Amino acid sequence: MAGLHERTQRIDTSTAHSARVYDYILGGKDHYPVDAEAGDAMCRHWPALPVHMRENRRFMHRAGRYLAQERGIRQFLDIGTGLPTAPNLHEVVQEVAPESRVVYVDNDPIVLAHARALLQGSAEGATAYVDADMHDPEAILESPEFRSLIDLDKPVGLMIVGVLHFIMPPHDRRLVRRLLDPLPPGSHLAMTIGTGDFAPEEVGRVSEEYTRQGMPMVLRDLRVASSFFEGTELVEPGVTQVHTWRPGAEQDGVDGRAIAMYGAVARKV
């Protein structure tokens, strides 16, 4: 395993990174000037972007809690962890079931450094961190961390939240399926998918800015977003804007035009 110094050496502070831009826009402290510049440019294009990002994060909280509480899932694979922002997935699911285990995956060294330092699981459960990219699912599935923490004889919650819009066609479906296929029946996929359906001009400009900053992005309409769940059993209310998926009081008054993300949870049959 690479040491912290080696991971730090790989941090590129000359170009923006999606996880650090996300951190900046949500008011975090773990970013660089280039990330702040990119985030400011994106928010000029679409001032609702912080609302959109918060609701994407809140979907993850509700989906994780639902899987732990209603579906009895006790082990999770979280793709594209991002920088620690409480509550994190293990905190949500271990509040329901302290024995829950979570494997976090990200490919940004600063994310992994913070995760290993800050994301400690409960005494009964466990957390682990894999330095890998969704484009290389084998590196995730064959990692010692995944193999030691995830029991493939029991259902797994696969979380792909805030990531898929950075995965370009035509390999996007194959990558999702490659992560889902080894998981046993009864496993669940929770995923969010970026869209321009509700504010096409503004979100289109944000997408162009991400691409200009070296982070190519793809937006998908409802038909395409729904196609990622083919062959699974969708949990009600199906594929919907993230703030309307089993909403709570926090979602009262959220304007749908401020949300450019579909979300859904589905059971593998």
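This is a short talk about a few places in one protein model where the parts of the chain meet.

Okay, hi everyone. Before anything else, keep in mind that what we're looking at is a predicted model.

Let's start with strand 1, residues 75-79. Is this strand buried or exposed? Well, 5 of its 5 residues are buried, so strand 1 is largely enclosed by the rest of the structure. If you look along it, Gln-75, Leu-77 and Ile-79 point one way, while Phe-76 and Asp-78 point the other way.

Now, who sits beside strand 1? Strand 2, residues 101-106, pairs with strand 1 in the parallel sense, over 5 bridges. To find that pairing on your screen, go to Phe-76, whose bridge partner in strand 2 is Val-102. Then there's strand 4, residues 157-160, which also runs parallel to strand 1, this time over 4 bridges. Here you can look for Asp-78, standing opposite Met-159.

Two of those names come back when we move to Gly-64. This glycine is in helix 4, residues 49-69, and with 0% relative accessibility Gly-64 counts as buried. What does Gly-64 touch, leaving aside its neighbours within four places in sequence? The answer is Phe-76, Leu-89, Val-92, Val-93 and Met-159.

Next up, salt bridges. The count for the model comes to 10. Let me show you some of them.

One joins the side chains of Asp-35 and Arg-20, with N to O at 2.8 Å. Asp-35 is in helix 3, residues 33-45, and Arg-20 is in helix 2, residues 18-25, so this pair ties together parts that are 15 residues apart in sequence.

Arg-177 is partly exposed, at 29%, and so is Asp-181, at 44%. And salt bridges can share partners: Glu-55, Arg-58 and Glu-250 are joined into one network that way.

Now for an arginine I'd like you to click on: Arg-220. You'll find it in the loop between helix 10 (200-212) and helix 11 (222-227). Arg-220 is in a loop, and it counts as buried, at 4% relative accessibility. What does its side chain reach? A polar atom of that side chain lies 2.8 Å from the backbone oxygen of Ile-167, and there's a polar contact of 2.7 Å with the side chain of Asp-172. Apart from residues up to four places away in sequence, Arg-220 touches quite a list, including Leu-164, His-165, Thr-195, Phe-228 and Tyr-262.

Last topic: rings. A search of the whole structure finds 5 aromatic pairs. Tyr-104 and Tyr-129 are stacked, 5.7 Å centre to centre, with 0° between the planes. Tyr-104 lies in strand 2 and Tyr-129 in strand 3 (residues 126-131), so the pair ties together parts 25 residues apart in sequence. Both tyrosines are buried.

Phe-198 and Tyr-262 make an edge-to-face pair, also 5.7 Å centre to centre, but with 65° between the planes. Phe-198 is in the loop between strand 5 (188-194) and helix 10, and Tyr-262 is in strand 8 (residues 261-268), 64 residues apart. Phe-198 is partly exposed at 32%, whereas Tyr-262 is buried at 5%. There's also a cluster, where ring pairs link Phe-59, Tyr-66 and Trp-245.

The charged end of Arg-173 sits over the ring of Phe-228, 4.6 Å from its centre. And Arg-246 lies over the face of Trp-245, 5.5 Å from the ring centre.

Terms used: Residues numbered from 1 in each chain as written. Predicted model: local features only at pLDDT ≥ 70, side-chain atom pairs only at ≥ 80, totals over all residues. Heavy atoms only, no water. Salt bridge = Lys/Arg side-chain N within 4 Å of Asp/Glu carboxyl O. Helix = DSSP H or I, 4+ residues; strand = E, 2+ residues; numbered from the N terminus. Buried < 20%, exposed > 50% of the residue type's maximum accessible area, 1.4 Å probe, protein only. Pairing = 2+ DSSP bridges. Polar contact = N/O pair within 3.5 Å; in protein donor to acceptor, adjacent residues only side chain to side chain. Contact = heavy atoms within 4.5 Å. Phe/Tyr/Trp six-rings, centres within 6.5 Å; stacked < 30°, edge-to-face > 60°. Lys NZ or Arg CZ within 6 Å of the ring centre and 35° of its normal.
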